[in-house]
Amino acid sequence: MTRTRSIALSLSVLSLAAGLASGCGSSDDQGFRNDGSKIDGDPSTTLPAELASTKSTVTTRAPGAPLPEQKNVVGVSTDLKTKPVIPKTTGAAPKELQGSDVVTGTGVAAKEGDKVAVQYVGQLFNGGKEFDTSWKKGRTPFEFTVGQGQVIQGWDQGIPGMKVGGRRVLVIPADAAYGAAGSPPTIPANAPLVFVVDLKKISKG
């Protein structure tokens, strides 16, 4: 699929570097806030709203379909009160979206159309450099509506099925993240990503 929208229009959550802004935080080196205002500075305060979605060739998953289990990241903490440390990845990055729950959560599962609030840490699959987190002091859980292209495909397809109180590890191929464009300067071109996502709240759509 080809990327057709622009970050300025809150294209997708592509702007980690450009717009990870709202969700994870609120600003990014070269991005825009959810309200369209320019973001100026901290790459750690950027993610969704401008996590702007990227159109890609990644296989579209049926809403809520189980994810293939990821095995590249082992040993993520189950303590939801502290920021998770993402262990070093092993093996080659998968070519499809994969995920695994380290904490399952309770209640109803998130689905397309639901508004959710999440805490997260994101880092590059290769090298393990953290590029964004909502755990930074002063930030709040990131909110977005599932399946509306407000975030990268890896989130729109990887969050459904989670329950409140759950923690999920997502390993996202580049085509379901920022693709060949990347999100300079924090995310290189064709970079697979790893996210640890905690689901804090679901507001039914």
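These legends go with a few close-up views of a predicted model.

The model is predicted, with local features needing pLDDT of at least 70 and side-chain atom pairs counting only at pLDDT 80 or more, while totals for chains, interfaces and linings use all residues. Residues are numbered from 1 along each chain as its sequence is written, and side-chain values use heavy atoms, leaving out hydrogens and water.

View 1. Rings of Phe, Tyr and Trp (its six-membered ring) pair up if their centres lie within 6.5 Å; planes under 30 degrees apart are stacked, over 60 edge-to-face, and the rest tilted. Tyr120 belongs to strand β3 (residues 115–124) and Trp155 to helix α2 (residues 153–158), so this pair links distant parts of the chain, 35 residues apart. Helices (H or I, at least four residues) and strands (E, at least two) are DSSP runs, numbered from the N terminus. Tyr120 has 0% relative accessibility and counts as buried; Trp155, also at 0%, is buried too. Here buried means under 20% relative accessible area, exposed over 50%, and partly exposed in between (1.4 Å probe, protein chains only).

**View 2. Phe144 and Trp155 make a tilted pair.** Their centres are 5.5 Å apart and their planes lie at 45 degrees. Phe144 comes from strand β5 (residues 142–145), so its pairing with Trp155 of helix α2 ties together parts that are eleven residues apart in sequence. Both Phe144 and Trp155 are buried.

**View 3. Six aromatic residues gather in one cluster.** Its members are Tyr120, Phe131, Phe142, Phe144, Trp155 and Phe195. Seven aromatic pairs are counted in the model.

**View 4. The largest nonpolar core has 28 residues.** Such a core is a set of buried Ala, Val, Leu, Ile, Met, Phe, Trp, Tyr and Cys residues joined through side-chain atoms within 4.5 Å. Among the residues touching the most other members are Phe144, Trp155 and Phe195. Strand β8 (193–203) gives the largest share, five residues. Apart from this core lies another, of nine residues, including Val76 and Val196.

**View 5. Asp156 sits in helix α2.** With 14% relative accessibility, Asp156 counts as buried. Its side chain reaches the backbone nitrogen of Gly149 at 3.1 Å. Asp156 also touches Phe144, Gly147 and Val151, among others, not counting residues up to four places away in sequence; touching means heavy atoms within 4.5 Å.

Terms used:
A polar contact is a pair of N or O atoms within 3.5 Å; within protein, one must be able to donate a hydrogen and the other to accept it, and residues adjacent in sequence count only if both atoms are side-chain atoms.
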